[in-house]
Amino acid sequence: MSLADPVLLAVGLLVAAALAWAAVAAARRRAAALASAGVAPGGRARLGGVWFTIAGVAVLAVAVAGPAASVPVSRASGTVILAMDVSGSMAATDVTPSRLAAAKRAALSFINAQPDKVDIGVVAFQRGGLEAALPTADHATAAAAVGRLTTGGGTSLDDAILASLSAITHKTVSIGRNGSAPDIGYWPSATIVLFSDGQDQTGAASGGTGTGTGVAAAVAEKVGVHIDTVGVGTTAGTTVDVDGYHLFTALDVATLKSISQATGGTYHPASDASELNGIASSIDLRLTVTHEPLPLAGAFIALALVLLAAGAVLTVTRSGRVV
């Protein structure tokens, strides 16, 4: 059990302790006075109402402190990772107003269309991958992460996929130098949606040796994660300024299709990204257990009222007085 304000509990218990000390002191003085008068003191039953009242005050102190219990709650959920290409080529303006802006627009539309049962995370990838937001049922967090993205750096599609798998499994996923794939279990409840122009550079996720496009996709396929790709840009292409150089860049549909096909996913042009909105229906939901706080103040208040009422009843019946 946790407390929202332990200080209030301490104050309340001090008050209850002071009342108990005062009750004991008063009982002793009364017993001494009766003994000096040669009268046998009454039984302890006379103090029953007082002790019930003090117990009620102590329980009320617990209630005021805001007690809460952590209870397990089952939830059927799936996970979608939005892998967003923020490399320099995504600043190209062959789509209006830019490739990255178009990708962000499509991603935000996708987020808004997803049901609460889908946890959404965001991975912005340059070389090495950059985790932006872990999967969460709070879709506003994912939308805010997408909104903050800016371009810069190079692209490694393999590293983007591995970073997305790391976000799904909450473990660092990498390819061994000998090409060995990690054992990360089976995750049919997860899907990666990759927004990119398909411009790829050799991945750095295997310790700097490069794995080549497709190795990470094979890992995703092995663990049951589908990758849907969204192509952003035009095949005609355009030039873009990257670090002072004028570079030609064009949408590489073939690369993106090979990634999606290798994992049982689908390729979508950015203009048809609305087709992604129904992706949740293809996810095998998993049953997860989370712990959520259960407020207990109401129960403690009810118990305190019972004790205070019992104390009042005993006081009236045994002394004939309310006070």
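A salt bridge here means a side-chain nitrogen of Lys or Arg within 4 Å of a carboxyl oxygen of Asp or Glu. The model is predicted, so local features need pLDDT of at least 70 and side-chain atom pairs count only at pLDDT 80 or more, while totals for chains, interfaces and linings use all residues. Residues are numbered from 1 along each chain as its sequence is written, and side-chain values use heavy atoms, with hydrogens and water left out.

**Exercise 1.** Find how many salt bridges the whole structure holds, and say which residues they link.

*Solution.* 
- Start with the count: a search of the whole structure turns up two.
- Take R99 and D94: their side chains meet at 2.8 Å, N to O.
- Now take D197, which also bridges to R99, with the closest N and O atoms 2.8 Å apart. This pair ties together distant parts of the chain, 98 residues apart: D197 sits in the loop between β5 (190-196) and α6 (215-222), and R99 in helix α3 (residues 99-113). (Helices are DSSP runs of H or I with at least four residues, strands are runs of E with at least two, and both are numbered from the N terminus.)

**Exercise 2.** Decide whether R99, D94 and D197 are buried or exposed.

*Solution.* 
- R99 comes out at 0%, so R99 is buried.
- D94 has 19%, so D94 is buried.
- D197 is buried as well.

Methods:
Buried < 20%, exposed > 50% of the residue type's maximum accessible area, 1.4 Å probe, protein only.
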